[in-house]
Amino acid sequence: MKNLNQSDINELKKSVENGTVDDFIDKKLSPQASQKLKEVLSDKSATQRLLDTPEAKSLLQKLMNKQD
């Protein structure tokens, strides 16, 4: 996935709020990357490892409008 810009972040927020994250993922990623991400998100320990990365933490901060 390319770097997310503010428009992408806003679109992702709306997808989360509307329960359409799968649609967002399918739109922004290749079919192979989309499938892999969905597999990771369905595995609790893999999801935790993903969320522990600096990139995920940064994205979550942007999504939650937190500034540290």
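1. Contacts of S34. Leaving out residues up to four places away in sequence, S34 touches I25, D26 and L29, where contact means heavy atoms within 4.5 Å. S34 is found in helix 3. With a relative accessibility of 3%, S34 counts as buried; the term buried stands for under 20% relative accessible area, exposed for over 50%, and partly exposed for what is in between, with a 1.4 Å probe and protein chains only.

2. Basis of the model. The structure is a predicted model, in which local features need pLDDT of at least 70 and side-chain atom pairs count only at pLDDT 80 or more, while totals for chains, interfaces and linings use all residues. Residues are numbered from 1 along each chain as its sequence is written, and side-chain values use heavy atoms, with hydrogens and water left out.

3. Overall fold. The secondary structure of the chain comes to 5 helices and 0 strands. Here helices (H or I, at least four residues) and strands (E, at least two) are DSSP runs, numbered from the N terminus. Read from the N terminus on, the elements run α-α-α-α-α. The radius of gyration of the chain is 12 Å, close to the 11 Å that the globule rule gives for 68 residues, so the chain is as compact as a globular protein of that length. This radius is taken over C-alpha atoms, and the globule rule is 2.2 Å times the number of residues to the power 0.38.

4. Dimensions, burial and surface. Along the principal axes, the C-alpha atoms of the chain fill a box of roughly 30 × 25 × 20 Å. Of the 68 residues in the chain, 19% are buried. Among contacts between residues at least 6 apart in sequence, 28% join residues at least 24 apart. The accessible surface of the chain comes to about 5200 Å², and 52% of this surface belongs to carbon and sulfur atoms. Accessible areas come from the Shrake-Rupley method with a 1.4 Å probe; for residues, only the protein chains shown count as cover.

5. How many salt bridges does a search of the whole structure find? The search finds 4, a salt bridge being a side-chain nitrogen of Lys or Arg within 4 Å of a carboxyl oxygen of Asp or Glu. In one of them, the side chains of K28 and D8 meet at 2.8 Å, N to O. This pair links distant parts of the chain, with K28 in helix 2 (residues 21–28) and D8 in helix 1, 20 residues apart. K28 is partly exposed, at 23% relative accessibility, whereas D8 is buried, at 3%.

6. Salt bridge between E11 and K27. The closest N and O atoms of E11 and K27 are 2.8 Å apart in a salt bridge. This pair also links distant parts of the chain: E11 belongs to helix 1 and K27 to helix 2, 16 residues apart. E11 has a relative accessible area of 23% and is partly exposed, while K27, with 57%, is exposed.

7. Salt bridge between D26 and K38. D26 forms a salt bridge with K38, and their closest N and O atoms are 2.7 Å apart. Distant parts of the chain are linked by this pair, D26 being in helix 2 and K38 in helix 3 (residues 31–42), 12 residues apart. Both residues are partly exposed: D26 has a relative accessibility of 41%, and K38 has 25%.

8. Leaving aside neighbours within four places in sequence, K13 is in contact with K62, L63 and N65.

9. A nonpolar surface patch. L51, L60 and M64 make a nonpolar surface patch of about 250 Å². Patches are made of residues with over 30% relative accessible area and no salt bridge; like charges are joined within 9 Å, and nonpolar side chains (Val, Leu, Ile, Met, Phe, Trp, Tyr) within 5 Å. M64 is found in the segment after helix 5 (54–63).

10. D22 and Q35. D22 lies in helix 2 and is partly exposed, at 44% relative accessibility. D22 and Q35 are 13 residues apart in sequence, and their C-alpha atoms are 9.9 Å apart in space.
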